[in-house]
Amino acid sequence: MNHQNERNQTSDTLDGINRRQLILQKLEEQGEVSVNALAQEFSVSPMTIRRDLHLFARQGILETHYGGAHLCKDRNKIPDFPARIEKMLRYKQAIGRTAASFIKEGDTIFLDSGTTSVQITKYFPDVHATLITNSMTAILQLGTNRKLKLVVAPGTYREQIGGTLDISTVEFLRRYHVNKSFIGTMFCSTDFGMTTSEELDAELKRTLCMQSDQSFLLADHTKFTGNSLVKFTEFWDYDYIITNKELEPKLQDQVRKLNPNLILC
């Protein structure tokens, strides 16, 4: 595959925001969707579609069932779908902008491939720095930045995470120690800690957190209710927790008891 085709393919697979908006439009029109049908239509894996549907289930938009999902019965509680998608993007962008403000001249940085943490690339400051990442989005966004030394982690490209991930990725990242790491999460429960869906991703995130002088957890407010399969860190493992101000006050208090350095943006 040549570089142009690879770039086009990556851009298509990383367009999760647009895919989720189309899924919601189908739900609004049809009332129900099938995981397998959506996976075939959008040329992604069924796991990716299930993650999309699970995100909307946590927001009270739909209820999942075997093989698909249907709209919640109380339609009056559901706001305009495109507007909700746009809000989610704004939350992530606000977190990315705040996180980017911590990057200083000469920093060495870890950045994972989470959809929130990669928002940093849009607000990367005009400084000389070294960025070590497995994120294809970061490569595409920052590859022409002449002030930035970009170190790309090897491995198999995984559409589900938007970057490279296999045992070679983790082993490569273990070779480095950096000033700052910026890490996303699938969930961050005050009862159980930070979780993701598989062991390798958990080990990668744990490595990034533990091998940095300062570590930042980046998570929008919808990530604070629930757990995924594999735990990788605790709240107190991070120097800062960055989320958006829509996080419920009760959850804010619970998080601050575990880590006082909670930043709302």
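This presentation describes the architecture of one protein chain, from its overall make-up to a few individual residues.

Good morning. The model is a predicted one, in which local features need pLDDT of at least 70 and side-chain atom pairs count only at pLDDT 80 or more, while totals for chains, interfaces and linings use all residues. Residues are numbered from 1 along each chain as its sequence is written, and side-chain values use heavy atoms, with hydrogens and water left out.

I begin with the overall picture. The protein contains nine helices and 15 strands; helices (H or I, at least four residues) and strands (E, at least two) are DSSP runs, numbered from the N terminus. Of its 265 residues, 51% count as buried. Buried means under 20% relative accessible area, exposed means over 50%, and partly exposed lies in between, with a 1.4 Å probe and protein chains only. A contact means heavy atoms within 4.5 Å. Among contacts in the protein with a separation of 6 or more, 61% are between residues 24 or more positions apart.

Three strands form it in the order 1-3-2, with antiparallel pairing; two strands pair if DSSP finds at least two bridges between them. Strand 1 (32-34) and strand 2 (62-65) are the edge strands, each pairing on one side only. On average, neighbouring strands of this sheet are turned by 20° against each other, direction ignored. Strand 2 and strand 3 (residues 68-71) pair in the antiparallel sense over four bridges, and Glu63 has His70 in strand 3 as its bridge partner.

Two helices accompany this sheet. Helix 3 packs on the sheet and touches strand 1 and strand 3, its direction making about 70° with that of strand 1. Helix 4 lies across strand 1, strand 2 and strand 3, running at about 135° to strand 2. For these angles, axes are lines fitted to C-alpha atoms, for helices over the stretch in contact, and angles run from 0 to 180 degrees between N-to-C directions. In the loop between helix 3 (35-42) and helix 4 (46-58) we find Ser43. The phi of Ser43 is near 55°, a positive value in a residue other than glycine. Is Ser43 buried or exposed? With 62% relative accessibility, Ser43 counts as exposed.

Next comes the nonpolar core. The term denotes a set of buried Ala, Val, Leu, Ile, Met, Phe, Trp, Tyr and Cys residues joined through side-chain atoms within 4.5 Å. The largest such core has 29 residues, and Leu173, Phe224 and Tyr238 have the most contacts inside it. Elements giving two or more residues to this core are helix 7 (167-173), strand 9 (178-184), helix 8 (199-210), strand 13 (230-233) and helix 9 (249-258). Which element gives the most? Helix 8 does, with four residues. As for Phe224, its contacts beyond four places in sequence include Cys188, Phe235, Ile241 and Leu251. In soluble globular proteins, nonpolar side chains tend to be buried together.

The C-alpha atoms of Ala202 and Phe232 are separated by 5.1 Å, although the two are 30 residues apart along the chain.

Lys205 leads us to Asp112. The side chains of Asp112 and Lys205 are joined by a polar contact of 2.6 Å. A polar contact is a pair of N or O atoms within 3.5 Å; within protein, one must be able to donate a hydrogen and the other to accept it, and residues adjacent in sequence count only if both atoms are side-chain atoms. Asp112 sits in the loop between strand 4 (108-111) and strand 5 (129-133), and is buried, with a relative accessible area of 1%.

I close with strand 12. Five of its seven residues are buried, so strand 12 is largely enclosed by the rest of the structure. Strand 12 pairs with strand 9 in the parallel sense over six bridges, and Phe182 stands opposite Phe216 in strand 12. Strand 12 also pairs in the parallel sense with strand 14 (residues 240-243), over three bridges; here Leu218 stands opposite Ile242.
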